[in-house]
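Please open the model in a viewer and keep the selection tool at hand.

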Amino acid sequence: MPIEMLVTAGIETLLNQLLKADANAVDKIASLKGKVLKVNIAELPKPLYFIFSSQIDVLAKYDGDADCCMDIKLSSLSRLQDSSQFTALIKEGELDMSGDPMVASKFSIILKELDIDWEEHLSRYTGDVAAHKLLQGAKSSQAWLQNNMMIARHNIAEYIIEEIRLAPGALEIANFCDEVAELEQQCKQFEMRLALLSRKEDV
Amino acid sequence: MTDKSNNTTHFGYKTVESDQKVDMVASVFHSVAAKYDVMNDLMSMGIHRLWKRFTIDCSGVRPGHKVLDLAGGTGDLTAKFSRIVGDTGSVTLADINDSMLKVGRAKLRDRGIVGNVTYVQANAEELPFPDNHFDLITIAFGLRNVTDKDKALASMFRVLKPGGRLLVLEFSKPDSEALNKVYDFYSFNILPKMGELIADDGESYQYLAESIRMHPNQETLKGMMETVGFESVEYHNLTGGIVALHRGYKF
Ligand SMILES: C[S@@+](CC[C@H](N)C(=O)[O-])C[C@H]1O[C@@H](n2cnc3c(N)ncnc32)[C@H](O)[C@@H]1O
């Protein structure tokens with residue numbers, strides 16, 4: 001599974017969750033409806049496309065034309081929340097921008113409104129990307145594979161929790177938890193059976 | 001899959017009369033429609049969302065496009081396409097099953113997806129749309145349920161615009177023997193149990209597991225797509241080939 005899917009899923013979930021809780025930001029996003037912003041983050045292997053509608057969709061691949069394109073380093077991301085910094089960032093060589101600057105500055109206002117700690121959120125994934133790259137170089141290494149699987153599993157679990165939180169109501173969750181508890185019981189039984197079976201196989 | 005000489009086809013591992021299969025498949029999805037989304041998350045441990053995300057990234061979809069989400073069920077892909085194609089584009093959610101369409105429509109309406117989505121009850125084998133109509137067709141976890149897959153693929157080819165593309169997301173054959181074994185155990189022992197626990201419907205999920213096994217593998221499906229006219233057909237294995245995304249173009 002391409003690792004970008006975890007990145008886009010994570011960012012998209014986070015953004016929209018925060019958007020939902022913030023009436024101001026929702027109004028602001030309406031003025032970006034139909035626009036596409038491309039952001040190249042130097043540390044990530046693929047660009048991120050932000051597609052604005054009633055919410056924000058995040059893709060790693062998009063065939064249409066973006067209205068605005070930004071190239072930036074991970075370390076400068078947090079400064080994007082202040083559009084008055086754009087000129088300074090460009091001068092420092094930290095930011096490159098082409099296309100409609102209004103899209104970028106409106107997005108920057110939304111980000112400010114949402115107040116996201118980008119570095120913290122993305123560092124989770126950059127570790128993964130590094131792992132992914134290394135993995136491609138050393139595909140046969142068993143230990144590596146397991147390590148990567150563990151990171152991936154951890155991220156997926158976290159991601160599911162975020163997405164699930166969005167969906168069902170409290171009653172559903174309570175019911176869901178009961179069902180999961182039951183399932184857990186089943187899994188334990190399954191594990192025991194498996195242990196038994198593999199012991200048999202060892203003999 | 002269909003044996004033309006005596007008109008039988010596979011329903012999971014049971015062999016049934018062809019025209020019966022459509023009804024049987026329909027009843028499976030009637031019985032799982034309501035809890036379908038929860039089951040999807042649990043069965044695939046949430047990974048189906050990532051598979052679908054990858055599908056969207058490979059779709060090339062953009063504002064103004066006409067999209068057909070075939071066997072679209074509860075409309076996960078439709079929701080996203082609807083936002084991307086915008087007011088100038090349109091998405092058609094087509095499914096053979098009325099209950100799935102209803103659940104899908106209610107869900108999308110709740111999420112504020114209205115305006116550019118239409119809902120059509122249709123059989124993939126005989127699509128009720130004009131020739132050269134859509135820029136993109138997706139069929140996610142739907143083709144394996146279709147009785148005559150060749151006929152369905154030909155029908156999709158017909159309604160696709162020249163330059164358009166078809167994406168088939170479907171369970172496939174894991175590329176390692178070890179994974180295959182684990183996966184078999186999961187499918188035949190755990191999955192139906194989960195179906196029983198959560199949807200109170202083990203039999204339907206037993207059918208799902210079986211239908212996954214009967215589905216053509218990566219190379220076979222690629223060949224089938226080429227036979228009906230698709231070009232530049234390629235596939236991507238996802239999660240070790242448990243799922244594959246096939247893509248083909250009409251030129
Ligand atoms: C497993 S669901 C997939 C739903 C959705 N695409 C998703 O990925 O979540 C399969 C769907 O295929 C539909 N289906 C089965 N046979 C069909 C046919 N011949 N034509 C159209 N839809 C069909 C079922 O009603 C069901 O909604």
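Contact here means heavy atoms within 4.5 Å, and buried means under 20% relative accessible area, exposed over 50%, and partly exposed in between (1.4 Å probe, protein chains only). Helices (H or I, at least four residues) and strands (E, at least two) are DSSP runs, numbered from the N terminus. This is a predicted model, in which local features need pLDDT of at least 70 and side-chain atom pairs count only at pLDDT 80 or more, while totals for chains, interfaces and linings use all residues. Residues are numbered from 1 along each chain as its sequence is written, chains are lettered from A and ligands numbered from 1 in the order in which they are written, and side-chain values use heavy atoms, with hydrogens and water left out.

Now select residues 149–159 of chain B, which form α6. Its buried residues include B:Leu153, B:Met156 and B:Phe157.

Next, select B:Lys151 and B:Glu126, whose side chains meet in a salt bridge (3.0 Å, N to O); the term denotes a side-chain nitrogen of Lys or Arg within 4 Å of a carboxyl oxygen of Asp or Glu. This pair links distant parts of the chain, 25 residues apart: B:Lys151 belongs to α6 and B:Glu126 to the loop between β5 (117–121) and β6 of chain B. B:Lys151 is partly exposed, at 36% relative accessible area, whereas B:Glu126 is exposed, at 51%.

Move to B:Asp76 and B:Lys107, which are joined by a salt bridge of 2.8 Å, N to O. Here α4 (residues 76–85) holds B:Asp76 and α5 (residues 98–110) holds B:Lys107, 31 residues apart. B:Lys107 is buried, with a relative accessible area of 13%, while B:Asp76 is partly exposed, with 27%.

How many salt bridges does the structure hold over all chains? There are 18. A network of them links A:Glu12, A:Asp57, B:Arg53, B:Lys80 and B:Arg83.

Turn to the sheet of chain B. Seven strands form an open sheet in the order β5-β4-β3-β6-β7-β9-β8, with mixed pairing; strands pair if DSSP finds at least two bridges between them. Its edge strands are β5 and β8 (231–238), each pairing on one side only. Select β8(B) with β9 (residues 243–249) of chain B: the two run antiparallel and are joined by six bridges. B:Glu231 stands opposite B:Tyr249 in β9(B).

Finally, display the nonpolar cores, each a set of buried Ala, Val, Leu, Ile, Met, Phe, Trp, Tyr and Cys residues joined through side-chain atoms within 4.5 Å. In the largest, of 46 residues, B:Trp51, B:Phe81, B:Leu169, B:Phe171 and B:Val243 touch the most other members. Another core lies apart from it, with 31 residues, among them A:Leu15, A:Phe52, A:Ile72 and A:Leu74.
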